Amino acid sequence: MATEGSAERGPSAPACKEAPGTNDSTLHSQSAAKMSGDMDKPLISRRLMDSDGSLADIPSESPKVGVLGSGDFARSLVTRLVSSGFSVVVGSRNPKRTAGLFPSAAQVTFQADAVDSPGIIFVAMFREHYSSLCSLSDQLAGKILVDVSNPTEQEHLGHHESNAEYLASLFPTCTVVKAFNVISAWTLQFGPRDGNRQVPICSDQPEAKRTVSELVQAMGFTPVDMGALVSAREVEAMPLRLLPGWKVPTLLALGLFIFFYIYNFVRDVLQPYVRDSKSKFYKLPVSVVNTTLPCVAYVLLSLVYLPGVLAAALQLRRGTKYRRFPDWLDHWLQHRKQIGLLSFFCAALHALYSFCLPLGRVNRYEVVNLAIEQVLANKSRLWSEEEVWRMEIYLSLGVLALGTLSLLAVTSLPSIANSLNWREFSFIQSTLGFVALVLSTLHTLTYGWTRAFEDRHYKFYLPPTFTLTLLVPCVVILAKALFLLPCLSRRLSRIRRGWERDAAIKFTLPMGHALAQKTSHV
């Protein structure tokens, strides 16, 4: 079953005939040692672990799968295969030592014996150990080798071919399939419910891909066809990417934080130092950070719902939903989840910093100084009904907003989102998300109160920070309110159900037909 791709790759890495330091006498001595001592006893049990942890008898027609390797990933893979109903044979260089690491339903033996009967063999070892299997090339002929390895970042950049392609060049008489390299050992052990279900698969043989895809489905995962084996390099690069979907949102959050931090530093620290020669640099570690975090969280939350408003406006202007959005808007829509989680992260940090403020020395000194000033001013009571009500409402709205944001963050987790139907998920993420934005806006307005209209709060002629944060959220809220008007909501609803402004669509038929054109009214 040698493939064309593997035959062409032969010259770059010649197919091996015999592993260094391995000969027939070595294999005979291994087989003889296997039959002595404890290895005389069969290591496979007639019992099989079900997915729920219970034990059941192994059916006689269980498909047999081989696994070469005894590392952490190999053990998790064998556990998953056994629990999925497969008869597993594990090939190890020292089966007596590693037998206790595998489920009792798996047979652990030498590599030469493990590759005899299975038609599918998982190669769970590092690239540099592939050559140790060269002595088994005759036994592996015509079998499907599933490469599950991952290179390091340096190895990926240093090699011109993927691990799977290198394995195919060593064994041209085998069919190599790349699969399971993006699945963690944790996910294999505890099931796909706790991780990603998708398993990218690539190979030069469609029949081998179909066979491995059926195995993937039997294990509870979802196979994804990535094409020929040349795609293995791209598949092996997937685990090397560090949070690719978080790069832009993280840079956005970091940029907002730097901007608001400098802005608050100029207003709260630099201005008193320049004008009144008061040193308030002690505010930098906690106070300025605590003033910056809610600004970032608030703006990020508004940026979650702003692209939806822009998309709706574009659909209303175009009169159709069948035209692509601009690339920048499409990418923005795809990053809304990450932006929302970063918003929740900043809001949670703001709550923690706010709880820590009364514990600082600065707060204690300010309370003592305020008491001394009250005594010197001969005031028996210091009470402002307006300030009391403002702070109570401000804190209550903040708690409600943070609670709603927490619900949004929890439901964005795959394990929770998968348990919700589309209407429930849409209600939480869309409706309650907009409620969180409104609550955050009220929280910000209550904090500002009348400060925006008082000259003493304009330091260096810079407006209070909260006035800047209100710009984008207010635009989103007003736009959402406009879209609720019947004239716009009905039109938008019709567009999203397939209605188009120009309802006549022309289809051109081949010239051989009696009618050259037909018009369909949608």
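Tutor: Asp147, Lys178 and Glu236 are linked in a network of salt bridges. This is a predicted model, in which local features need pLDDT of at least 70, side-chain atom pairs count only at pLDDT 80 or more, and totals for chains, interfaces and linings use all residues. Residues are numbered from 1 along each chain as its sequence is written, and side-chain values use heavy atoms, with hydrogens and water left out.

Student: Why is the contact of Lys178 with Asp147 called a salt bridge?

Tutor: The term needs a side-chain nitrogen of Lys or Arg within 4 Å of a carboxyl oxygen of Asp or Glu. The closest N and O atoms of Lys178 and Asp147 are 2.7 Å apart. The pair is therefore a salt bridge. Side chains of opposite charge can pair when their charged atoms come close.

Student: What does this pair tie together?

Tutor: Lys178 lies in strand S8 (residues 175-178) and Asp147 in strand S7 (residues 144-147), so parts 31 residues apart in sequence are tied together. Strands (E, at least two residues) and helices (H or I, at least four) are DSSP runs, numbered from the N terminus. Thr175 is also placed in strand S8. Its C-alpha is 7.0 Å from that of Gly142, 33 residues away in sequence.

Student: How do you know whether Lys178 is buried or exposed?

Tutor: Buried means under 20% relative accessible area, exposed over 50%, and partly exposed in between (1.4 Å probe, protein chains only). Lys178 has 0%, so it counts as buried. Asp147 also has 0% and is buried. Thr175 has 0% as well, and it is buried too.

Student: How many salt bridges does the structure hold?

Tutor: There are 11. One of them joins Asp72 and Arg75, with the closest N and O atoms 2.2 Å apart. These two are 3 residues apart in helix H3 (residues 72-83), so about one helical turn separates them. Asp72 is exposed at 54%.

Student: What makes Glu454 and Arg456 a salt bridge?

Tutor: Their closest N and O atoms are 3.3 Å apart. That falls within the cut-off, so the pair qualifies. Glu454, at 25%, is partly exposed. Arg456, at 64%, is exposed.

Student: Which residues form a nonpolar patch on the surface?

Tutor: Leu251, Leu254, Ile258 and Ile262 form it, with about 380 Å² of accessible area together. That area comes from the Shrake-Rupley method with a 1.4 Å probe, and for residues only the protein chains shown count as cover. Patch members have over 30% relative accessible area and no salt bridge; nonpolar side chains (Val, Leu, Ile, Met, Phe, Trp, Tyr) are joined within 5 Å, and like charges within 9 Å. Leu251 has 53%, so it clears the area limit and is exposed. Leu251 sits in helix H12 (residues 247-276).

Student: Why is Thr250 called neither buried nor exposed?

Tutor: Its relative accessibility is 38%, which puts Thr250 in the partly exposed class. Thr250 belongs to helix H12.

Student: What makes the phi of Leu243 stand out?

Tutor: Phi of Leu243 is near 50°, a positive value in a residue other than glycine. Leu243 is in the loop between helix H11 (232-237) and H12. At 51%, Leu243 counts as exposed. Tyr461 also has a positive phi, about 60°, and is not a glycine. Its loop runs between H19 and helix H20 (465-469). Tyr461 is exposed at 74%.

Student: How much space lies in the second largest pocket?

Tutor: About 1300 Å³. Of its 36 lining residues, the closest to the centre are Tyr305, Arg336, Gln429, Ser430 and Lys480. A pocket is an open set of points on a 1 Å grid over the protein atoms alone, where a 1.4 Å probe fits, with protein on both sides within 12 Å along at least five of seven lines; lining residues have an atom within 4 Å of a point. The volume is the space filled by probe spheres set on the points, joined across faces, edges and corners.

Student: Which element gives the most to the lining?

Tutor: H13 does, with 8 residues.

Student: How do the lining residues divide?

Tutor: They are 21 nonpolar, 11 polar and 4 charged. Ala, Val, Leu, Ile, Met, Phe, Trp, Tyr, Cys and Pro count as nonpolar; Asp, Glu, Lys and Arg as charged; the others, Gly among them, as polar.
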